Amino acid sequence: MKRVLVVDDEEGIQEIVQSCLEILHGWEVYLAGSGMEALDKAEVYQPDVILLDVSMPHVDGFTTLQQLREGSITRRIPVILLTAKVHPLEHEELEKFNISGLIAKPFDPLKLAEQIVAILP
Amino acid sequence: MKILLIEDDEAVATTIVESLLAQRHLVNTAGKGETGLELAKAYEYDLIVLDVGLPDLDGISLCRELRAQGYQVPILLLTAYDSSSDRVSGLDAGADDYLVKPFDLEELLARIRALLRRKNQALSPMITYGALRLDPGAKEFTYNNTLLRLTPKEYQLLELFVMNPRRVFSRGVILDRLWSMDEFPGEETITAHIKSLRQRLKAAGAQPSLIETVYGLGYRLQSPEKFESSSALSNRSDTVTALTASTVTVSEDRTQQAVIAIQALWQKFKAGFLAQVKVLEEVGIAADTNQLTTELLYKAKQDAHKLAGSLGTFGHDEGSRLARDIEILLQSETTLCSAKTQFLELVQTLHQELDNQPSIQLNFSQDTQPNPLHTDSARTKHHVLLIDDDVTLTQQISQAATHWHWHVQVASNPTSARTLLAQHHPDVILLDLTFSDSTEDGLTLLRQLAQQMPMIPVLIFTGRGSLSDRIEAAQLGGRAFLQKPASLEQIFNTVTQVLEQAQKNEAKVMVVDDDPSILETIGHLLAPWGLDTIPLADPEQFWEVLATTCPDVLIMDIEMPKINGIQLCQVVRNDPQWAKLPILILSAHTDAETRRQVFTVGADDYVQKPIVEPELVVRVINRIERSQIHRQFAKRLAYAQSSASIPEKTHEAKT
């Protein structure tokens with residue numbers, strides 16, 4: 001049903017998200033470990049939603065986001081940010097990048113799909 | 001697993017083959033497309049790794065051809081960097097994933113693992129079969145937690161059985177699956193391997209009949225009914241099935257599978273997390289010996305951040321907490337150096353925490369329990385700061401704390417307590433009044449706490465018990481006075497009481513909606529978070545109820561008869577007393593105009609109907625936290641003003 005692209009430089013997080021979404025809900029999950037890869041895969045797979053980690057080395061989440069929003073195909077894909085930041089982002093930031101929602105890290109992997117569905121019914 | 005690699009570049013092929021062999025996979029290679037096609041048709045593989053740029057038949061056509069024939073095995077494409085058209089057409093041709101050359105071997109292996117897992121969901125890490133358990137990440141089998149020492153072939157054999165638990169394998173099929181074409185062992189080899197495998201199992205306490213001989217057919221794993229079902233996860237599995245309305249329902253065994261997968265992933269990534277903790281340890285040592293470099297500090301900061309974000313997801317909530325505290329101390333060299341001891345203690349605790357099994361089933365067990373959406377409010381553990389120089393006592397309490405679900409930090413004197421408090425606010429403080437290594441009296445600290453952190457309850461726990469001490473402590477806002485010696489039980493009970501009192505003061509949320517079912521739902525959703533709801537169905541009583549209950553947050557529906565939420569919001573904002581009361585507006589409308597209107601009249605946030613639990617909870621809690629910061633500040637100000645008129649008393653250290 002849902003096709004999800006997970007962008008996180010941590011393999012552990014990638015795998016836990018993939019396992020849980022696939023096993024629990026049969027969703028298709030694609031993985032990207034960097035911003036560059038994310039752009040590439042978003043374009044090729046055109047997932048229903050992108051889960052994007054904010055803090056990645058080299059190209060960070062926001063730069064990736066900006067580039068996603070510039071691509072003709074990728075601009076329409078909803079993005080949910082994964083963030084372990086202590087302070088939640090403000091409304092303006094969410095609106096500026098047209099972010100669909102936030103999921104705080106650490107998250108409960110068993111309820112991740114529920115959270116995604118809550119943001120994007 | 002048996003993998004077919006179709007790659008014409010010999011150097012690349014050799015590297016891939018070597019690393020796949022190291023992972024105990026069996027690999028066949030083909031340098032030409034045609035050969036690859038033949039092999040794929042002739043033998044049973046678990047996965048194909050396919051180069052796009054082959055000399056004869058190109059990879060994409062090959063892939064298309066295989067899929068056209070209904071070939072189901074996962075295919076991973078290797079493509080050249082500059083060719084995005086290859087990637088698109090490759091996926092269209094039915095490939096499952098692709099990797100751009102040049103690639104990182106580790107990544108290739110990770111992709112292969114992911115594809116193999118997708119192919120067979122049962123292959124999700126850590127497969128338990130009665131007392132027999134396979135950890136595919138570590139390539140290890142255990143029986144009753146005893147590691148089975150197996151040769152590569154024995155491992156592959158057992159893996160084959162466990163992966164296909166009801167299937168009978170003839171010797172011929174086993175040969176085909178586990179031996180490559182250029183080896184020609186006889187079928188008696190299989191018999192010998194089965195025999196040695198049974199011996200290994202027996203040595204670990206298993207019945208030799210675990211691997212059954214099916215007369216005239218071959219071998220299979222004994223039927224699962226003969227094993228006791230693993231009960232460890234049963235309390236976990238019935239919890240996720242009852243999800244709220246609009247969401248997905250999940251069957252029990254899938255949940256169980258997912259939990260097993262998470263546990264296996266923990267085993268797999270634990271070493272990586274420990275390596276990050278090691279960096280933190282190095283930083284602690286470097287800070288202690290004045291050898292801290294900017295690079296090391298930067299690296300440690302990143303690692304702490306990663307740990308804080310990840311550990312909880314693996315079921316180590318406490319680990320995430322500790323890492324967060326560590327991350328805060330790493331903000332700058334100055335903060336770190338001013339709290340070296342505390343830093344090292346935190347890192348050490350974190351290290352110990354990682355040695356515990358992650359408690360995924362406990363942390364996330366009940367639907368009614370807050371989930372860890374919001375990192376700070378979701379704590380079920382209480383954070384207790386012990387300010388005491390009695391090492392034996394603090395150790396006793398720390399040990400008992402794990403059973404009590406406390407997270408304990410210890411400061412041996414007021415100075416280190418201040419450092420800790422600057423970094424993190426506990427739920428409750430246990431404060432001794434005299435300290436061997438400090439001339440400062442605990443009461444001085446108590447006064448400071450009452451002024452600066454009035455929300456944190458302080459419990460005086462001391463050997464001093466004179467009436468004047470008690471009076472003074474009470475005047476300074478101490479919530480309880482416990483005289484030493486006290487039993488652990490007494491300590492626990494007193495702290496629990498104090499915490500309960502403190503929680504009673506937790507936030508109140510007033511909800512205005514003409515639909516009683518909404519009122520009930522919201523009350524239900526917020527209750528587990530310690531939030532009291534004040535429901536109001538009739539907006540005409542709005543003002544009276546607001547004035548009598550003084551809520552911390554207001555939630556209002558937009559569409560109500562007679563008075564609507566927008567109007568109410570304006571009214572509230574016009575009164576200076578309520579100008580800062582956080583207001584959330586509920587509405588089924590999502591259009592820009594409604595949103596604009598909501599924010600124009602001064603509402604703080606907007607929640608869409610139908611209400612989605614996590615969203616509502618996060619938004620309410622966000623608002624409460626912000627307003628509590630304001631209120632704390634106001635309280636502090638009021639206290640400072642009132643105490644300014646009272647002459648300062650002097651305190652001699654009484655010993």
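1. Helix axes here are lines fitted to C-alpha atoms over the stretch in contact, with angles running from 0 to 180 degrees between N-to-C directions. The model is predicted. Take helix α11 (residues 294-310) and helix α12 (residues 317-329) of chain B with that in mind. Their axes cross at roughly 150 degrees and come within 7 Å. Angles over 145 degrees count as roughly antiparallel, so α11(B) is roughly antiparallel to α12(B). The crossing of α11(B) past α12(B) is left-handed.

2. Which residues make this contact? From α11(B) come B:Lys301, B:Ala304, B:His305, B:Leu307, B:Ala308 and B:Ser310. From α12(B) come B:Ser320, B:Ala323, B:Arg324, B:Ile326 and B:Glu327. Sorted by class, the contact of α11(B) with α12(B) has 5 nonpolar, 3 polar and 3 charged residues.

3. Helix α17 (residues 414-423) packs on helix α18 (residues 442-452) at an angle of about 20 degrees, and the axes are 10 Å apart. Angles under 35 degrees count as roughly parallel, so α17(B) is roughly parallel to α18(B). Here α17(B) passes α18(B) in a right-handed crossing. On the α17(B) side, B:Pro414, B:Ala417, B:Arg418 and B:Leu421 make the contact. On the α18(B) side, the residues are B:Leu445, B:Gln448 and B:Leu449. The residues of this contact of α17(B) with α18(B) comprise 5 nonpolar, 1 polar and 1 charged.

4. Now the chains as a whole. Chain A has 5 helices and 5 strands. Along the sequence they follow the pattern β-α-β-α-β-α-β-α-β-α. Of the 121 residues of chain A, 64% are buried. Chain B has 25 helices and 21 strands. In chain B, 50% of the 655 residues count as buried.

5. Sequence range of contacts can be given for each chain. Take the contacts in chain A between residues at least 6 apart in sequence: 62% join residues at least 24 apart. For chain B, counted among contacts between residues at least 6 apart, 62% join residues at least 24 apart.

6. Is A:Lys41 buried or exposed? A:Lys41 has 2% relative accessibility, and buried means under 20%, so A:Lys41 counts as buried. A:Lys41 sits in helix α2 (residues 35-45) of chain A. Apart from neighbours within four places in sequence, A:Lys41 is in contact with A:Leu5, A:Leu31 and A:Gln46, and with B:Asp97, B:Tyr98 and B:Arg111.

7. Phi of A:Gln46 is near 45 degrees, a positive value in a residue other than glycine. Most residues other than glycine have a negative phi, and most peptide bonds are trans. A:Gln46 lies in the loop between α2 and β3 (49-53) of chain A. With a relative accessible area of 42%, A:Gln46 is partly exposed.

8. B:Asn145 also needs a backbone check. Phi is positive there, at about 70 degrees, although B:Asn145 is not a glycine. B:Asn145 is in the loop between β8 (140-143) and β9 (146-147) of chain B. B:Asn145 is exposed, with a relative accessible area of 71%.

9. Where are cis peptide bonds found? One joins B:Lys101 and B:Pro102, with omega about -5 degrees. B:Pro102 is in the loop between β5 (97-100) and α5 (105-119) of chain B. Another runs from B:Lys484 to B:Pro485, with omega near -5 degrees. B:Pro485 is in the loop between β16 (480-483) and α20 (488-504) of chain B.

10. On cysteines: how many disulfides does the structure hold over all chains? The count is 0. B:Cys337 is partly exposed, at 31% relative accessibility. B:Cys550 is partly exposed too, at 38%.

11. Two further residues of chain B. B:Gln608 lies in strand β21 (residues 605-608) and is partly exposed at 32% relative accessibility. B:Gln608 and B:Leu586 are 22 residues apart along the chain, yet their C-alpha atoms are separated by 5.8 Å. Not counting residues up to four places away in sequence, B:Gln608 touches B:Ser587, B:Thr590 and B:Glu615. B:Thr349 is in helix α14 (residues 340-355) and is partly exposed, with a relative accessible area of 33%.

Terms used: Residues are numbered from 1 along each chain as its sequence is written. Chains are lettered from A and ligands numbered from 1 in the order in which they are written. This is a predicted model: local features need pLDDT of at least 70, side-chain atom pairs count only at pLDDT 80 or more; totals for chains, interfaces and linings use all residues. Side-chain values use heavy atoms; hydrogens and water are left out. Helices (H or I, at least four residues) and strands (E, at least two) are DSSP runs, numbered from the N terminus. Angles under 35 degrees count as roughly parallel, over 145 as roughly antiparallel, 65 to 115 as roughly perpendicular and the rest as oblique. A crossing is left-handed if the near helix is turned anticlockwise from the far one by less than a right angle, and right-handed if clockwise. Contact means heavy atoms within 4.5 Å. Ala, Val, Leu, Ile, Met, Phe, Trp, Tyr, Cys and Pro count as nonpolar, Asp, Glu, Lys and Arg as charged, and the others, Gly among them, as polar. A disulfide is a pair of cysteine sulfur atoms within 2.5 Å. Buried means under 20% relative accessible area, exposed over 50%, partly exposed in between (1.4 Å probe, protein chains only).
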